[in-house]
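Subject: Structure handover

Hello,

Here is the structure I promised to pass on. Please open it first, then read the notes below.

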Amino acid sequence: MSNPFEKNSNKELSAKSLKSRVSLTDTNLLLFITIAVFLIMYVCAVVFLGKGFAKPQTFLNILNENAALIILSCGMSLVMITGGIDISVGQVTALVCMSCAVFLDKHGGNVYVAMILALGIGLAFGLVQGYLVAYLNIQPFIVTLAGMFFAKGMTTIINATQFNVENAQFKALKATRVTVPGLGSVNKLGNYIDAYVEIGVIVALLVVLIFFCVLRWTRTGRNFYAVGGNNQSANTLGINVRRTKFTAHLLCGLLAGVGGFVYFMHVGSGSPSHASGAEMNAIASSIIGGTMLTGGVGNIAGTFFGVLSLSTIKNIVTSLGLDEAWWTNITVAAMLCIFLLLQSILLARKNKQKS
Amino acid sequence: MENNAVLEMRGICKYFPGVRALENVDFTLREGEIHALMGENGAGKSTLIKVLTGVYSKDGGDIRLAGVPVHIRSPQDAQNMGISTVYQEITLCPNLTVAENMYIGRTKGPLTNWKKMNTDAAKLLDSLSIPAKATQQLGSCSIAVQQMVAIARAVDSDCKVLILDEPTSSLDEQEVKKLFSLMLSLKEKGVGIIFVTHFLEQVYEVCDRITVLRDGKLVGEYIIEDLPRVQLVSKMLGKEFDDMAEIKSEEDAAHIEYDGIPVYEAEKLTGTTGIAPFDFEIHKGEVNGFTGLLGSGRSECVRAIFGADRVAGGTVKVNGKKVKINKPLDAMKNGISYLPEDRKRDGIVGDLSVRDNIILALQVMKGFFRPFSRSQAEAFADEYIKLLSIKTASSDTPIKSLSGGNQQKVILARWLLANPVYLILDEPTRGIDIGTKVEIQKLVLKLAAEGKSVTFISSELDEMIRTCSRLVVMRDGKVVGELKGSDLNQNTIMATIAGGES
Amino acid sequence: MSVSENHFENLPKKSVSVIDTIKKIVQKQVFIPLAALLVLILFNLIADPSFFKISLDKSSSGDPVLSGYLITILDNASELAILAIGMTLVTSASGGQDISVGATVAIAGSVVLKVLCGSQSRPDQMQAPIIVAFLICLVVSMLFGAFNGMVVSFFKIQPMVATLILFTAGRSIAAWINNNELPVISDPKFGYYGNFIPGIPVPTPIFIAAICMIIIALVLKFTNLRLYSQAVGINPSSSRLNGINPQLVKFLTFVILGACVAVAGFIKVSRLSTINYSVVAKDIEMDVILAVALGGNQLSGGKFSMTSSILGAYVIQFLTTTLFKFKVSSSAIAAYKAVVVIVLVVLSAPIVREKMVQMKKKGTAAKVGKAKKEVA
């Protein structure tokens, strides 16, 4: 440095600019908002809606009910971080349920083979959709819309009606519960009842953990963010954009397979109407969890809390006595709308700042 | 070979179909030197840089790095050999942190070691005195800092040659200062820097040497002290300063009504695109021009007049009446037409037919509910296709399938059809063949003789002198002079463009 | 050599001109849906010619009605064709599609029933004139369209995601409007619009669709809608410099789609004189988008052909009815359509097109090479 004075002024400037601008990434800011929203909502529910919400099992039931959704939302977030979208996950879930159900009951299949079948179906959807999106440059929305309808059609072609699976091996698996020590409660008769979660919840938590780490600490994970942040820049920075997009769709498909099987374990039946609208819930959860539709911003932990927020608000709406189905849908849409606009405003303000 | 040369390019040639983009160009970069690469549009600067960075393959010549001959096949290759480039537009990801932007795509192994990356980045930022924190999100930094982070990334990959391709075009004075101090400290570390810019002052502030290109050929390499500004400008424009004959046209300027109320008059017009507030007026039958080097703000001025970008302030009078021009439609309704600089991005509507492209402006002025009948539109289109002799298969042909010159004529036809009182033409002759260029200049003079006012902008001084009766000269976003009459000669214009000591 | 060459060139001239005319026809946008229609017609002719039989029957009330698969197709495609009109405009201007049309059709239908039924759920007679109900439904639908348009154009959210909001909430809003009751209109007059007007053997929706087409034809003729939306879809920056307000144009197209939704919703409820919120117009958005794509319109916006889109809608219905006839269940049809969509988008993807052109060039080059060798 030739000029000592200039160096000084630089240091001053740096201190100033750092002070005025909170050093918080968009991802962390949105994550913070999500967790805050969830906590506030839950606390309000406990305070105003009574003890039901205070019971640990109520919270665990939210997890039990939404294990599959958590997994699907994780996949959705991956794709959304790269700037894409996948709306086929709900119907893929239905297809997985139906395929496994038919395989187990009508062909006397083995549960473990059924699991592989589920993963295979998810992987196949991920492969084809990923190829079309990444290598043929077709809009992800159109591709996965077609995927959604294909899965829907295939489900009814395999079996058009709902039926419960009677396979003993599967029923045992479905009934398996993992007790959570120390969170049990005493019921009206004075008996102590253990708090429990289903296996699906363990799987879901594992998925959340794994993909949180993948996104945070692996090169592939960071590439997702770079590609979503700016396609062309990512390319000049030496990242294989196509392969990254392909990987994201592949993983999302795979997770749809996993989520499908978890859903299957939860409901224990196959039906064309299973998981209908799950894709919208997954997108909504991701958005509420701080994943930006424009790509490049998002966090799996946020997505997890997004799912929790979404289901908590559904529970609140129900316990307010508004248990007709439409209320939950309208609340979900309203929440989605608010978070979308929030993101849009956040983005606009940022662009203004720059120029 | 020279002793301390890090990069030598000898006899570089590059041909595109029908164009000799580079012919026998030599370029030498020495250790610890900031070397300006100068030339107007189409001089071959960017082609030379693209050859150097492996984007284009050369058709002839050798490149030596520190005396060793090399073949550069791809940008990746160039990077591995220690040639790093920072482009005008920032090619980083705004959503990632500063540290990540410096290391992503370059690390080995599947995992990211955040701690090491952040400490490394912090060290590097500190050593280059870049006022940013490693963990800060890049998008929250100013453009200048982002530019510097890009440089830091380039420097860290052990670079010997750093190419800065117009890095200052979107920076303000303060930010440029910061960038320069970074460049100087890199220079001390022995990095050779190639600096491409359109700002003369900046060249004289930091550079040691200048290489000037013109029309794909080498004009010469100069030590900065040996080349005064005026000389530089004349070398870039290809006119010898001293013995340049005055070629002011004898066009009779009698039809200009200087005494009357100006057709258009602006006072303290302020844009939002980085130009200083300016005053401007134009009279009936007058052809004036905005001149200055590329990036001097000449396009931004006329865009402000037309309301193409957001207008921040100032008063505007048309024919003496105060009017508000906030958006293009306002300007059009007041009889102002604007042919934009970037034909592809702002001018043509690619998939639409020649006919639709011609009638577009007039149609919009006429109103949404009053479309022209097919036969009327056909008649308009045919009239102007004939008038401007536009070469097109039919008026139904999509405009994108026409040649550049003919596309430009279609856009010109669009604005002539709108029958303006004041016509702004921003670089109407860029990228089109000589014949069409002359036609367009003749047309401008004819329009003026008919009593229209025209603003004509061109990178080629010849054209400006031949067509304009008054020139507004700009430098670095400010109006620095106004020339007319006998001052309208190459020497005075160049001296005014160059500014400073002449 | 030169003589022989001339001779060689003279011979195939006639065939070349024939090929040229064929090429010209093929290049017309309308060719794509027409070809698809032709394939379907041929398939049905071979499989079962009785598909094309039209007979004049008596309805239950003794009025003459036309019946047959072709009539069914024309009748059932009405809503699709009407929605395709709006969707084409939205696609052209915004470069995206509205996926909420099915849900908003439910809202429109619900509004009609609400107005007609008043406070009761099964009134003996209608509580308001049908025209009033329709107008209110029109206004409401256009407001919902305006909501979508606002989110897209002013908040700059991609159309498909913006319309996701109403896609999620629409059917619930529809149910909420009528308190989740299922109102039934017993007055047969209301059913005229979705079925037959006594004495006229052609289903009424066909007339309504025709009226809509005439209206849009007039609108396109007497306003600059086509020019504006195409210009905005192709190059918004250039459009702005020519005095067009791109945001406003996009907004407007969504409002027009809202009007189309109102008409479609009105027909839907009139067909049954009641509504099932979760089933009415289910998955119609997919069919509408497919109709636009099948019409050869770029889904990324820009130039459009209204005729092709509308024709596309009828082709889709033709396909659906054909599949029905072959006993494919209604939800399985989705799988077949998905395959059609994928084939269409893959074929129209720029990368694939480029590759095909390259292959063609190689092919012709090889042919030329061969020919040269043969001459030598």
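This is a predicted model: local features need pLDDT of at least 70, side-chain atom pairs count only at pLDDT 80 or more; totals for chains, interfaces and linings use all residues.

The domain assignment of chain B places domain 1 at 5–227 and domain 2 at 264–498. Their centres, taken over C-alpha atoms, lie 35 Å apart. Six residues of domain 1 of chain B touch eight residues of domain 2 of chain B. The two domains bury about 790 Å² between them, with 52% of it on carbon and sulfur atoms. On the domain 1 side, the touching residues are two nonpolar, two polar and two charged.

Now the contact of chain C with chain A. Chain C brings 39 residues and chain A brings 35 residues. The buried area is about 3,300 Å², and carbon and sulfur atoms give 82% of it.

How many salt bridges are counted between chain C and chain A? The count is one. Lys152(A) pairs with Asp283(C) in a salt bridge, and their closest N and O atoms are 3.1 Å apart.

Several helices of chain C supply at least two residues each to the side touching chain A, among them H7 (159–162), H14 (284–294) and H17 (350–375). H8(C) gives the most, with nine residues. By class, that side of chain C has 28 nonpolar, ten polar and one charged.

Best wishes

Terms used: Residues are numbered from 1 along each chain as its sequence is written. Chains are lettered from A and ligands numbered from 1 in the order in which they are written. Side-chain values use heavy atoms; hydrogens and water are left out. Contact means heavy atoms within 4.5 Å. Buried area is the accessible area (1.4 Å probe) that two parts lose on being put together, summed over both. A salt bridge is a side-chain nitrogen of Lys or Arg within 4 Å of a carboxyl oxygen of Asp or Glu. Helices (H or I, at least four residues) and strands (E, at least two) are DSSP runs, numbered from the N terminus. Ala, Val, Leu, Ile, Met, Phe, Trp, Tyr, Cys and Pro count as nonpolar, Asp, Glu, Lys and Arg as charged, and the others, Gly among them, as polar. Domain bounds come from an automatic or database domain assignment.
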